[in-house]
Amino acid sequence: MKSNHIIFSLVVLATATLTGCAVNNDRTEWSGTGLSYHADIAPNLDGSYTASVEASPNNGRIRGAIALATKDAANYCKAQDKGLKIIEEKTNSHLLVNGVATLRFNCI
C-alpha cells in the first residue's frame with residue numbers, strides 16, 4: 001500500500017514537471033472552463049513588441065491563443081492611446097494539447 005502512494009506521488013511530480021508552459025507564464029487566467037498562460041509584452045530590438053499566450057483546449061486552443069494574444073497587444077497599445085498593427089503571427093502547440101500564439105506587433 002505504501003509503495004502505491006510513492007508511485008502515485010512520483011507520477012504526479014513527473015506530470016507537473018513535464019507539462020510546463022510553452023510561454024513565459026507571467027499571468028494565468030481562468031476563463032470559462034479553461035486556463036490561459038500569458039507572457040508580459042516584450043519589446044524587440046527593432047521597436048516592435050511581442051505578445052505570447054498559451055491556451056488550453058477548453059479555452060480555444062490555437063484560435064483562443066491568437067484571440068487572447070491579440071487582446072493583450074490591443075490593450076497594451078490602447079494604454080498608450082495608439083492602435084494595433086500586427087506584423088507577424090506564429091502558432092504552435094504544446095504537448096499536442098495546448099495552443100500557442102506569438103504576435104509581433106507595433107503600436108501606431
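1. Helix α2 (residues 61–78) should span 26 Å, and its end C-alpha atoms are 25 Å apart, which agrees. The expected span is 1.5 Å times one less than the number of residues.

2. A word on the model: it is predicted, so local features need pLDDT of at least 70 and side-chain atom pairs pLDDT 80 or more, while totals for chains, interfaces and linings use all residues. Numbering starts from 1 along each chain as its sequence is written, and side-chain values use heavy atoms, without hydrogens and water.

3. The protein chain has two helices and six strands, in the order α-β-β-β-β-α-β-β. These are DSSP runs (helices H or I, at least four residues; strands E, at least two), numbered from the N terminus.

4. Among the buried residues of α2 are Ile66, Leu68, Asp72 and Cys77. Buried means under 20% relative accessible area, exposed over 50%, and partly exposed in between (1.4 Å probe, protein chains only). Their cover includes β1, β2, β4, β5 and β6.

5. Strands β5 and β6 run antiparallel, joined by ten bridges; pairing takes at least two DSSP bridges. Histidine 94 stands opposite asparagine 98, and leucine 95, in the hairpin with three residues between the strands, takes a positive phi near 60°.

6. Glycine 60, in the loop between β4 and α2, is partly exposed because its relative accessibility is 29%. Its C-alpha atom is separated by 8.8 Å from that of asparagine 98, 38 residues apart along the chain.

Notes: Contact means heavy atoms within 4.5 Å.
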